[in-house]
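Trainee: Could you take me on a close look at one strand and its surroundings, and then at some charged pairs? I would like one connected account that I can follow on the model.

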Amino acid sequence: MKRFWILVKKELKYGPIVFKIMTIGFALGYGIGFGIMSKLSDMLYYYMLSFTALLISLIGASNVLTSVGYDKQARTGEMILTTGVTIREYIYSKVLDSIITTVIGVLLFDLVFAISGGKFFKEGINFENILMPILATLVFSVFYGSFAIVFKVASIWHKLLMALFLLSVAVFAVVAMVGSFVKISLINGYKAVLPWTILLLFGMIILETGIRLLRIRDFVAK
Amino acid sequence: METCIKVSHLDCYYGKKKALDDFSFEIEQGKCLGILGPNGAGKTTLIRNIMGVIPPKKGQVITLGYDASECFTKIGSISGYLPEGSSVFMNMTLYEYLLFFARLREVENPEGAVAAAIETVELTDERNTKLRKFSKGMIQKAKIASVIVHNPKFLILDEPTDGLDISTTNTFIKYINEFVKKGLTVIICSHLPDVIDRVCTDILFIDSGHNLFCGTKEEFLKQGDGSVSSAYQNVYDRRRAQK
């Protein structure tokens, strides 16, 4: 665990700055723009939060993909993985770096969106409005993370297996999202959080399965 | 003397291509082994098998009593491995870079170990300088420092002097000789006969995944007119003639 946090700290502090700037820029620009335009019906608000989580997580996924790819080509991955670090620690540190950046981005979007649309002043802080985008971000980050890692480094059979997993989860995600939009006016408390929690658990299983398929040679340039 | 690394009947494939063919050799502790061979001979593959990065199809690598394919993490913690052409994290200072590796390797007193490593590679004045401001030679020194920061039992250096000027190469030769004097086992891959000649006690010649020669440097020099390059050429030509 100690090694894992050393890697996470390194990624956060010394990782590619371009992704962090992109995330913050996207969150601010998108938040202000859509906040002013939306008039903030609940339906649109939740839709925009999920959609933004999806898009910003994509930036995070690119970060993981680029970072692993760079480490492979620059042979820094080979150096790190021959210090006694496990593949799990290595991959999760990359994924967590992206998740932390993405969660900050999505919450920033949420805040700017709510302030510029007037919802924040009207309703004050709603815990669900914080928890829901975090969970959505985690779900998409885990999806993209496993997708990116497996497609970057694993064999064709692993890729097919993961594609099937991800397809089924994607269908589940759409169904869950549509369900939550339709029922949005009926939702009280934290019920919007439930489908995202289920998806997160599902996603974690997929990510873990993907990591188990990896071998150190997958991170070594030919 | 105790055996440091024992490679037995190693077969390794890249796809369908056989990279190592029934490869065996061993090296005793405190020796410096130079691995020679043409491009694509299997030198880096052999090193990766020793480090446990690539599992062999057949055969076994025992490093200080540990099986490389099973005790990968343990071998990582007692060895220092510098891959060919590896990069550094340019946004870090030298101190941060070495501290990162010292902590990853769970060194007891990381700050002290980093200070000692910086002193060894004579970069004390550059301790807080960003690595992006370093010259190629200084970066190579930083990389060497990163693989000795945890006091490893053996070092594997793949082309450590590649692209360095004569003066920096001489400095590296001095470092490697000092490591060997301290009792460290060193394996070094290099295309430069001069480097091999000046640091190695033993030589391994590899071509097309086959072990063509493994013995002391003196025995190897007898293959030619007394220089590493002539011995290299003779062993290489004989192999080509056999083919």
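**A covered strand and some charged pairs**

Mentor: Happy to. From strand E7 of chain B, B:Phe154, B:Ile156 and B:Asp158 point one way, while B:Leu155 and B:Leu157 point the other way, and all are buried. Here buried means under 20% relative accessible area, exposed means over 50%, and partly exposed lies in between, with a 1.4 Å probe and protein chains only. In a regular strand the side chains alternate between the two faces of the sheet. E7(B) spans residues 154-158 and is mostly covered, with 5 of its 5 residues buried.

A word on the ground rules: this is a predicted model, in which local features need pLDDT of at least 70 and side-chain atom pairs count only at pLDDT 80 or more, while totals for chains, interfaces and linings use all residues. Residues are numbered from 1 along each chain as its sequence is written, chains are lettered from A and ligands numbered from 1 in the order in which they are written, and side-chain values use heavy atoms, leaving out hydrogens and water. Helices (H or I, at least four residues) and strands (E, at least two) are DSSP runs, numbered from the N terminus.

Now the neighbours of E7(B). Strand E6 (residues 79-82) of chain B runs parallel to E7(B), joined by 4 bridges; two strands pair if DSSP finds at least two bridges between them. B:Gly80 has B:Leu155 as its bridge partner in E7(B). Strand E8 (residues 185-189) of chain B also runs parallel to E7(B), with 5 bridges between them, and there B:Asp158 is partnered by B:Cys189. E7(B), helix H6 (residues 166-181) of chain B and E8(B) form a right-handed β-α-β unit: with the strands pointing away from the viewer, the path from the first strand over the helix to the second runs clockwise.

On to the charges. Side chains of opposite charge can pair when their charged atoms come close. A salt bridge is counted when a side-chain nitrogen of Lys or Arg lies within 4 Å of a carboxyl oxygen of Asp or Glu, and the count over all chains is 17. One of them joins B:Glu106 to A:Arg3, with the closest N and O atoms 3.8 Å apart. This pair crosses between chains, from the loop between helices H3 (94-104) and H4 (110-120) of chain B to helix H1 (residues 2-14) of chain A. B:Glu106 is partly exposed, at 43% relative accessibility, whereas A:Arg3 is buried, at 11%.
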